[in-house]
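Good morning, and thank you for coming. I would ask you to keep the sequence and the three-dimensional view before you while I speak.

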Amino acid sequence: MNLGKIDEIMELLSAPKKIVIVSHRNPDGDAYGSSLALYHFLLKFDHLVTVLSPNDAPDFLKWLPGQEKIVIFEKEVKRGTQLLEEAEIVFTLDFNALQRVGPKMLIPLEKIRPIFIMIDHHQQPDDYAEYAFVDPESCSTSQLLYQFIEKLNHLDYIDKDVATCIYTGILTDTGSFRFPSTTSLTHRIVANLLDLGANNSEIYNQIHNVNTYNRVQLLGRALKNLIVLNEYHTAYITLSQKDLREFNFRKGDTEGFVNYALSIANVIFAAIFIEDRNQGIIKISFRSSGNFSVNEFSRNHFNGGGHINAAGGRSEESLQSTTKNFTKILPNYKAELIASYEK
Ligand SMILES: [Mn+2]
């Protein structure tokens, strides 16, 4: 993380400013956690702060302190545009390229010229920001935000709300501290967050114990649709619009499904393909364990990207031809997949 310019940021934040915090489209726990943590933190210095999210978040994030104050751009385009136009500083959190806010919000975001400050842990960030605190090795943007506050010498401003939001971001982006990106530093930071008021058990329950009957049934369908390709150490799940409709799909319901495919002993590469008739696309999530890069795989073939072990992607073809293409590409990666499995 390049913190050479931290003095300039301190200076910038030393007097009240109009600040907008932007998270990516389809916000997750890390996007909302880091955005709201920064929101509560900046309010302590009398800034005028708004969190602007391109679209709404899944229900399992609807309890986070301050989330009711978030402005949803796609519901309030006029207000959101005005906020962006008036902002002196725009923080962009948990994404590496402006288009991650989606086409609607991209229009005003590309026109404005505030001071951009990026805090992010995705690979290959764009260079729109004057100040970028980027570390692709970091488990989460929320962890980077903690370190950002630490560099500002303001750890004493982390109260229960800030600690709760940062904890939530780290918890969700590390798969509850399971992923290899979880380091001893992560645990040290999390220990501090507990001392500062975050309630680990309550937060875990808010995030994870929110299954509905429909969601559990949808998971059943996803597992039934699971296909394992042993020779490629690969497994994938498909969900059609019909499947989603049958179980009254709600935003966030398929969160984590892909991990069931990855949990199979022989499998190091997993994907889930979800039909979205509204947008006319197939939404894809890729996961891997070890050094097989799903970021590269998705960039090369499915218009996406992300991290080495977790990436998103999309296809504008039908569900059937998308999975057909996917299985056609796999032989090109056979050696790499086997090497990664055997390592
Ligand atoms: Mn993240």
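I shall go through the domains, then the sheets and helices, and finally a few single residues.

Please note at the outset that this is a predicted model. The domain assignment divides the protein chain into domain 1, residues 6–208, and domain 2, residues 213–342. Between the C-alpha centres of domain 1 and domain 2 there are 27 Å. Where the domains touch, seven residues of domain 1 are in contact with seven residues of domain 2. On the domain 1 side, these residues are three nonpolar, two polar and two charged.

Let me turn to the nonpolar cores. The largest nonpolar core contains 55 residues. Val-20, Ile-21, Leu-38, Phe-91, Ile-119, Ile-166 and Tyr-167 have the most contacts inside it. Which element gives the most to this core? That is helix H2, residues 29–43, with eight residues. Another core lies apart from the largest one; it has 31 residues, among them Ala-235, Val-258, Ala-270 and Phe-326.

Val-20 deserves a moment of its own. Neighbours within four places in sequence being left aside, Val-20 is in contact with Thr-50, Leu-52, Leu-83, Leu-84, Ala-87 and Val-90.

I come now to an open sheet of six strands with parallel pairing. Its order is E3-E2-E1-E4-E5-E6. At the edges are strand E3 (71–72) and strand E6 (131–134), and each of these pairs on one side only. Strand E1, residues 18–23, runs parallel to strand E2, residues 48–53, and five bridges join them. Within this pairing, Val-22 of the sequence stands opposite Leu-52 in E2.

Helix H5, residues 141–151, touches strand E4 (89–93), strand E5 (115–120) and E6. The direction of H5 makes about 120 degrees with that of E5. H5 also packs with helix H6, residues 160–173. In general, two packed helices are described by the angle between their axes and the distance between the axes. For H5 and H6, the angle is about 145 degrees and the axes are 7 Å apart. On the H5 side, the contact is made by Thr-141, Ser-142, Gln-143, Leu-145 and Tyr-146. On the H6 side, Ile-166, Gly-169, Ile-170 and Asp-173 take part. The residues of this contact are four nonpolar, four polar and one charged.

Next, please look at the other open sheet, which also has six strands. Here the order is E7-E8-E9-E10-E12-E11, and the pairing is mixed. Why is one side of E7 and of E11 left without a neighbour in the sheet? Strand E7 (227–229) and strand E11 (305–306) stand at the edges and each has a single partner strand, so one side remains without a neighbour.

Strand E9, residues 269–276, is mostly covered, for seven of its eight residues are buried. E9 pairs with strand E8, residues 234–239, in the parallel sense over six bridges. Leu-239 has Ile-274 in E9 as its bridge partner. With strand E10, residues 281–288, E9 runs antiparallel, joined by eight bridges. In that pairing, Ala-271 stands opposite Phe-286 in E10. E9 and E10 form a hairpin with four residues between them, and Gly-280 in the turn has a positive phi of about 65 degrees.

At the other end of the order, E11 and strand E12, residues 310–315, run antiparallel and are joined by two bridges. Gly-305 stands opposite Gly-312 in E12. Helix H12, residues 294–301, lies across E10, E11 and E12, and runs at about 15 degrees to E12.

Asp-46 lies in the loop between H2 and E2, and its phi is near 65 degrees, a positive value in a residue other than glycine. Asp-94, in the loop between E4 and helix H4 (103–111), likewise has a positive phi, near 70 degrees. Which of these is buried and which is exposed? Asp-46 counts as exposed because it has 10 C-beta neighbours inside 10 Å. Asp-94 is buried because 29 other C-beta atoms lie within 10 Å.

Finally, Leu-219 has its place in helix H9, residues 213–224. Leu-219 counts as partly exposed because it has 18 C-beta neighbours inside 10 Å. Leu-219 and Phe-247 are 28 residues apart in sequence, and their C-alpha atoms are 9.7 Å apart in space.

Thank you for your attention.

Note on methods
Residues are numbered from 1 along each chain as its sequence is written. This is a predicted model: local features need pLDDT of at least 70, side-chain atom pairs count only at pLDDT 80 or more; totals for chains, interfaces and linings use all residues. Domain bounds come from an automatic or database domain assignment. Two residues are in contact if their C-beta atoms, placed from the backbone, lie within 7 Å. Ala, Val, Leu, Ile, Met, Phe, Trp, Tyr, Cys and Pro count as nonpolar, Asp, Glu, Lys and Arg as charged, and the others, Gly among them, as polar. A nonpolar core is a set of buried Ala, Val, Leu, Ile, Met, Phe, Trp, Tyr and Cys residues joined through C-beta atoms within 7 Å. A residue is buried if 20 or more other C-beta atoms lie within 10 Å of its own, exposed if 12 or fewer, and partly exposed in between; C-beta atoms are placed from the backbone. Two strands pair if DSSP finds at least two bridges between them. Axes are lines fitted to C-alpha atoms, for helices over the stretch in contact, and angles run from 0 to 180 degrees between N-to-C directions.
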